[in-house]
Each structure stands twice: as structure tokens, then as C-alpha cells.
There are 2 protein chains.
Amino acid sequence: MSISFISNGEAAVKSNYPPLSGRVSSVYSEVQSSRINHNLPLPSVLRSSFTIVDGPPSSAAGNPDEIAKLFPNLFGQPSAKLVPSDSSKGQPDKKLKIGVVLSGGQAPGGHNVISGIFDYLQDHAKGSVLYGFRGGPAGIMKCKYIELTSEYIYPYRNQGGFDMICSGRDKIETPEQFKQAEETAKKLDLDGLVVIGGDDSNTNACLLAENFRGKNLKTRVIGCPKTIDGDLKCKEVPTSFGFDTACRIYAEMIGNVMIDARSTGKYYHFVRLMGRAASHITLECALQTHPNITIIGEEVYAQKQTLKSVTDYIVDVVCKRAELGYNYGVILIPEGLIDFIPEVQQLIAELNEILAHDIVDDEGLWKKKLTSQSLELFEFLPQAIQEQLMLERDPHGNVQVARIETEKMLIQMVETELEKRKSEGAYKAQFKGQSHFFGYEGRCGLPTNFDSTYCYALGYGAGALLQSGKTGLISSVGNLAAPVEEWTVGGTALTSLMDVERRHGKFKPVIKKAMVELDGAPFKKFASLRDDWAFNNRYISPGPIQFVGPASNAVNHTLLLELGVEA
Amino acid sequence: MSISFISNGEAAVKSNYPPLSGRVSSVYSEVQSSRINHNLPLPSVLRSSFTIVDGPPSSAAGNPDEIAKLFPNLFGQPSAKLVPSDSSKGQPDKKLKIGVVLSGGQAPGGHNVISGIFDYLQDHAKGSVLYGFRGGPAGIMKCKYIELTSEYIYPYRNQGGFDMICSGRDKIETPEQFKQAEETAKKLDLDGLVVIGGDDSNTNACLLAENFRGKNLKTRVIGCPKTIDGDLKCKEVPTSFGFDTACRIYAEMIGNVMIDARSTGKYYHFVRLMGRAASHITLECALQTHPNITIIGEEVYAQKQTLKSVTDYIVDVVCKRAELGYNYGVILIPEGLIDFIPEVQQLIAELNEILAHDIVDDEGLWKKKLTSQSLELFEFLPQAIQEQLMLERDPHGNVQVARIETEKMLIQMVETELEKRKSEGAYKAQFKGQSHFFGYEGRCGLPTNFDSTYCYALGYGAGALLQSGKTGLISSVGNLAAPVEEWTVGGTALTSLMDVERRHGKFKPVIKKAMVELDGAPFKKFASLRDDWAFNNRYISPGPIQFVGPASNAVNHTLLLELGVEA
């Protein structure tokens, strides 16, 4: 039923870092074992001779003049595309020394990016070395790494998690830190570095690429688009990896809860979903499962909604459903909801000020320091949320928004409003809320077949870009609605994704997060269907992710709709 | 990618009950659709001619004299076993009128029990009628039902949930209610009734059987063992249905969280699992995933542990892991933990008294009414839990134990104790707890292949028992470690599972919940391995339930260990 792996990888550990807690001594489940040898098809362009064709010069997503100043060596460079090559002279087969790092939160498929890089080097630059920096960017700065061998990588193929080399949230920011990264690049004689991360990490990758180029170091840097949140994407990078798997895991749970709601007929399930900045996960889960109510942060923001108006929307649906005989339902809420509500942001800012400088007295005299609008909102909030807003501060004195249990807050506010309507005779039923938060359990699942294949291609393509001497690009695999053999492979200039933000009087380059577009196909499809879902119970239960058989090659709706494939 | 079902079932609705919100107008996911036609093998004894052989007279699980008095018509009746019959005269083919009811919380596979009954009648008593009572036992009392047709049942095959006819928690208890049930049985001219439920519902089924027999009604009653909690089982009924699926769903999530813990290296995940009375779910999930710490309620009770000693056990492991370089981990906690801690029960009882009769003053003078032991415990508890204990009362004035977030309570108590050890120099690391509750999402998932097949056999067997004139038995399918064709089929006298409890001065019959046996094979295996799991990270990630391919025919460890099959 399960197989064990002997610890043949530990020998490769090259540092005094804390014990490597990877798969080397793990017992695998039958499903995990079966995934290791799952075949990973490559796009046909990667399966035979190819050459790299440059596109036209690129610009920036905004403020090109400032981006040009920040990236004097890289700005304007073209994107690159791999095309089949007739020449049988093949690729240059110089041995390479490449480093790879995982940055930020986990996303299913990260191990396959690394497998892809490794296999590219095996296939096209035999004798090359791949170093895995341990624990994220800190591993680069501290030169903590392991040499990745085929024996070491093998048990991680198609497995979830980032534990092959682990990840971290450090950034390479200060001149001193850039210096450390340079020293590591020199010490290991690195030809290239692959940074697997989200928007911040890819910005960082581009800064490193610029820095290395500026210092005439040979080390080139390629990024890879990772985040379950789905908010790192553009025309050339149609999706970030991990989004597909995470949404499928959440949708499985939501679908189960829907069947539960329909079976018991007495609960409203409020499901908060991970994904703070953008509401892509919530939207995708809605498209997969058809909940009665879905709150999309970007819409709340665009319509300048208040907590009261969001509550009223939910209550209106609950009341109308009660009239139809349904006293149950499922409601999806994005983790970052309150970040999208201007009045809440204002209240939090005022509270931060007051807590930093004033005494909070038991009599509540401190409340007089709030503006009247914020005071009104504060008094409107359930007591538990008032307490969360008053108590939990991060080391910088800010509220930890992600720890505020928005789903419980909404349940209480809905309860209060329903009591009011009941007293007015507008609601006669019983309301029972159940709260859920689906988060961590989606970040480290076994990647779907789509994420497995997509990540492998991203990594394999990153190897090709590095071997061709490219730097400052993000690995880009496209045409994803087509069969894998027709997928396109290339790299997009990271500077072309950038804009600047002014922080502390200085311009900082940023890759803008891709938010849910209210005129995009996924939101429009949702918007056209949500009233039907609200009152007619069109629940779909996607069931658990399957690796063989029916639905095993399904792809998320968001991607297909954005590619114009699904109507 | 998905198919729609036309609403061909609504025509069968025979009452003015609220709108049937079943599958008749549902859109199915690809996986749901694929499950409908999943083949359900039958034990070979059910595939050809069989006859029913009675065993020896039975007794009771305890207090046989009292049980005999409570069940004068049924006590002592033998269990029944289906055996192959050479006679080709076949079964009697009188048309039957049978009712079926789902009672209590959902468990994956309930729809297949109904499919099994239906198919038995089709195969062996063509022209029979199957009525589905709607909304649980209340449907019997109010005579709310639908006639189940093959078209109506079809889309529910191998699907999760209880929404085909829905369930409810009412009991048939008072003479008036028994009278209502009789009237329904007479009105529908019922030959039999199948009650699908847990321990309470099967006790109720036996009381109904006794009542009908005592009144010389022809209606016979057969029970079916349902509960994800796994605490309705005995020698003849090796497991209750739904346990397998629910544990696999929770284990998927736990396995994911483990990979997350190992990848980030900085969180302790405290996972509370549904299953209040017994800790079978927690134990099974531990056997499937190998967490660092698992709390088993029955052990806590047997060892007379206190909240402090449970906390200390966790803290000891956390400290030792820190020395080994691991500042992360996964901890499983049964939902009913605090029910197993005598001092907490005592505190809650005192609080119930005080809240019912005294004024709770802000100055805390009321606390003087607590015994010194309870006061000490109360002061030891985190403030949030103090508040939960003070605030949330059910309509009977009792604390709603299931709503107390034990996982958050333990995190806070562990934090406090670690701070103390830090100040003593015994702990130097950082502790970050993350809380999870896995509950509702496991009750309504698509049943595993095991639960699908097991339930179908339970239902098919129940049909055979009814046709043979049996009453007061619980459908019993055994030899479950063998291939399906070798499974045994029969019925066990419900009175033989019973004991009495004294309530309000009267003896009440009860089927004793099967608790985790500390000298049983599952617990012993766990106990022999937990120290290794605590310090050596033997995490297993079972992955999502698969319906075809690897692991699709896996069976839970608890069952296999109890059957002596797995070492």
C-alpha cells in the first residue's frame, strides 16, 4: 500500500542548515507513489531542436521612463519565443551551473518547476549542476544550498509542497543584501538563477538580473509565475501555477458543504477563501460550484459598497430564499474582503493612530477621537470583531486583517439585520450560520494534472532561456487551452510587466497584481448567472481531484474563459 | 463536461411539503456524472438464490432482564444469515410496500442504501413500491413521503448527501408519536420500513418494530448502521457507513496541511475533527497521516487527564521538537475532547447552575460560588474560552460544547505554557499556532468505492430481510476484508446490542456507543508508533479520494486492524 524511500538524498546536503525534513525518509501514500511516475508531456517545441526568436522591444506596464531609469541594463529588451529549428546542430552543450529558489507561500507544482529545470539540463547540457537554495531568498544571501541530484529530486515529482528545498519570505533589498547575493553567485560560479515566486519575488528577480548585468556578472536570472491567488498573470503568462489545484481543492470542499446544506436544509454556510489581494479564487470557486451568494472584492470596491450594503445584499437573498422555502445556502467570501471596503480601511487607520498614541479607557472616551463615520461603523460591528480590531496588532502596529474572521463577522451582522426584519414582519424563518475558512489545506495539495504539466514546462522552458543567455525574463508558457504539444514556450521581459509606486519619496518598481476585471469574461459569466444561482440552487459538487479517468484533465474556468475557449 | 437532468422526478411528489430541492434540476460535475454509472458489485450470496438461516437465541449487551421487559415481543430473537440455496424455487415474489427513512446527520453512502433496497425489490419482488419518508422520522409521523421510482433514484446513485429524501433529527418517542407512525404504516399498507441512522435511530427502529409487532401490524422494521463517527459497530456490524469516506476526506486535508507545515517550517497546525462522542475519526486520520501529536478522548478519560496535563504533553513534544530543529507540527484533536475531561465537566455543571440561578456580576463575585478546583480551572482557561463557557447556552441552559473551539483553546494554553518555559530557559524557539476545524465538508462527500459498495449491500440485504419477514434486526454485512463476492449478509437482533440507562427514574434502552478501545488493534498500533511520529516527521499525505486507479479500492485502517487483516 505504501513505499518507503531510503535516505539517499541526505548525502547531498552541503551546509549546516537545520535538518532537511524532506521526503528522503518519508513513507508515501499509494496516491503519492502513483504520482511520482506520472508521465509529464512536453510541448512539442521542447521535444526537438528549437531556436529562440526575439520579439520587438518592450516597454513597461506604466511609467516607462521611471522603469527605464530603474533598469538601465534591461529596460526595453524583447520577449523571447522558442520556435522549432531545422538545424541539426542542436543546442550549445556547455555545462551550466544553475541555482533555483522558491520564494513566498506554497503553490502546488513548485517541485515540478525544479524537475523541469533539472531535466532540461540533463537533456541539453549534460553534466550541468543544479543548486537548490534553501529556505527562500535567505538561502541565496547566506549561501545555503544543496546540490540537486536525480535521486534527490525523484520522490518530489508531481508532489505538493515546497519542502524539497523549502521557501521563505525574505527579500533581497538592501545594498548589503545584493552584495551577499553577488558573492553567492560568484562563489558558486552561477551561470543562472531561477526565481519561483509571486509578483514581489519576480520584481526582486528582475532587480537581481539588473544588478548582476550591471556588475558584469555572468549570472542570468529567470522568473517563474507562482501563486495560488492567481493574481500574477498577463497576456503572455495566462495563469500562475498552483491556482488550478488550490481552486479545485476548495471547490471540492465547497461542493461537499453544498450537498450538506441541501440535505439538512437549515444552515447558511459562510465560506471564507484564501486569497487576500484579489478575488480570483473566490470567483473561480463560484464558477465551479454555483453558490447562492458570492462576494467579489473588486466589485465591492468598484461600487463603493459598505459593510452595511454587503450585509443587506446577503439578507435580501436570505429573505427571498425563505419565501421560496429555502432556509439554507452557501456564501463565498474572499479573505481580503474588508481590504476592499473604504470605510473599513478608514476605521482601521484611525484605530491604528489611536492605539499608537492614546490610552484606550474602559469607559470608551477614546471613541470620541474617531470621526463620526468611523464611530458609526465601529458601533455597527459585532463585539467580537470590535475586539479583534482593538487587540491584534502586528509588530508594525497594524491590524492583522487576514486574522479577522470576516465570515463570522458577516454571520453576526446578518443575524442582527434578520432580527430587525423579523420584528418588522419581513422575515419569518430561522437563520443558522456556519463559518468555514479554507486556506492552508489548498496550498500544498498534490498538483492537478494541469499544474503538474504546466509547471514542468515552465521549468524546462526556464532552462532553455538560461542556456540561451536570457536574463530578466519570466518563463512564459501559452496557448494553454490547446493540447500540451501545441503549448507555446518563451520568456516575457519582466520590466514590461512593471509600473512604479512611490514609497517613502522614492519610486519602487512593482509588478501590478492582476485583479479580477469586472469586464473580463470570468466575472461577466458569473454576473450573468448569479441571480439564477441565488434562488434556484444550481449547486455543483466537483468532487475530489482525480488523477486518472473522468475530469482528470479538466482545467479551471477562469483560464478557459480568459482564453475565450469557454462560453 | 457536465450533464443536466430533466425534472422527471417531481411528478412523483405526493405531498405539499416544501419544494424538493434534490438532484432533479441539478447540473452535475464530470466526476458526479461518472459516478452514477459506477458498477456496484454484490456479495455472491445476493447474486443467486439464497435462504435465511437463523442463529441461536440472542441476549442483550447489558441488563438482559430489563431489555426483555422493554421488548417483550422481540427480545431473544436470533440473528439471521443469508446462505446460498440450491432450491430453484426462488424467493417468494409477493409485491411489497416498503418505506425508508434517513435519520440524523449525513453520512456518505445513504443514497446507495436506498438504491440497494430499491434494486432488491425490482430484482426479487417486481411491482413492489418504495416510499421515501421526507425529512427524517418527522416524515413518518406526518406521513410526508414520495414514491421512489427508478428515474427518481437514478441520479443519486453513488452520490453524497441525504438530499434524495432529506433527513431530520426528530425522534418517535411519545405514545402520540407512536400512534402517528402506526397510522402512517396502516395508511400506506406498509410491509416494511428501513431506518437508516445511528445508535439512537436504531434504538428507535427497534422500539417501532416492537410496537408494530405488539399491535399485530404487519409492518416490519430493519435498521441500517449509519454514522461518520464510526461508533455504531459490533462483531456482526464491523463498521458504520460513511466513516470510510469522511476519514478519507479529512485525511486528505490533514495530509495537505502536513506538507504545508513541513514546507513553511514555522506553524503548528491544530486540527479539530468532527466526531464528538468517540475519537474513532481522529484515530483513523492519525493512522492514515502520522501526525506529530494525536489526542484520543478515550485515553484522556482513562488516564484521568486534566487540561493542564494535555497541554503539558503537547508542550513537551513542542520543546523536544525545537531541540531537534523542528518548529512546526501537526496536532489532531477530537471534537469531543473536553467531554472526556472530568474537571471540565464539573466546571461546566457548576457554571450551568450559577447561570441559571445567580447574577453574574462584572466584578466577578459570582466566581466565589465555584468550587476551588473549578475556580482554578476557570482562571487557567484563556479569556475567549471563559467567555464561550459563560455565553453560549442551548435552549436547555447547557453549554454548547461542540461550539467551543477546543483547537484555539489549546493553542492559547500551549502559548502560555511555552512563554513560561521560555522564561525558564527551557524553550528558545518561536511558536505559531494555526487552527482548523474539519467537519461539515466530510459528511457529504462522494462516497468512496468502499462506502458505495458497502451501502448498496446493506440496502439490498435489508430488502431480503424484510421480504423474509424479519423485524427488529440491523442489516449486517461482514467479512469486509475479503473481496466483495465473499462478503456475508444478514441481520443482527437490535435488542442484542442494547443495554439500559436510567433517565428520570425510568429505564431507557440504548445501543451503547462503540468507543475507541484502548486495547483494540487500531489504538495499539497508534500507541506503538506515536513517539516515532512525534519526533521523526513520518507524515503521509493520502491525497484526494480516487475513484479509479491507485488507492481507489483502499479501505480504512481501523476496519482492517479490527478485522485482524492489517498488522
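Me: Helices (H or I, at least four residues) and strands (E, at least two) are DSSP runs, numbered from the N terminus. What angle do helix H12 and helix H16 of chain A make when they pack?

Reply: The model is predicted: local features need pLDDT of at least 70, side-chain atom pairs count only at pLDDT 80 or more, and totals for chains, interfaces and linings use all residues, while side-chain values use heavy atoms, without hydrogens and water. Residues are numbered from 1 along each chain as its sequence is written, and chains are lettered from A and ligands numbered from 1 in the order in which they are written. Helix H12 (residues 307-324) and helix H16 (residues 406-423) of chain A pack at about 65°, with their axes 9 Å apart. Axes are lines fitted to C-alpha atoms, for helices over the stretch in contact, and angles run from 0 to 180 degrees between N-to-C directions.

Me: Which hand has the crossing of H12(A) and H16(A)?

Reply: The crossing is right-handed, a name used if the near helix is turned clockwise from the far one by less than a right angle.

Me: What makes the pair A:Glu405 and B:Lys408 a salt bridge?

Reply: A salt bridge needs a side-chain nitrogen of Lys or Arg within 4 Å of a carboxyl oxygen of Asp or Glu. The N to O distance between A:Glu405 and B:Lys408 is 2.5 Å, so the pair meets the rule. Across the interface of chain B and chain A there are 6 salt bridges, and over all chains the count is 58.

Me: Why does the pair A:Lys513 and A:Asp231 count as a salt bridge?

Reply: The closest N and O atoms of A:Lys513 and A:Asp231 are 3.9 Å apart, and this pair therefore passes the same cut-off. The two residues lie 282 residues apart in the chain.

Me: How do we know through what surface the copies meet?

Reply: The copies meet through the same surface, because 100% of the interface residues of chain B are also interface residues in chain A. The contact takes 67 residues from chain B and 68 from chain A.

Terms used
Contact = heavy atoms within 4.5 Å.
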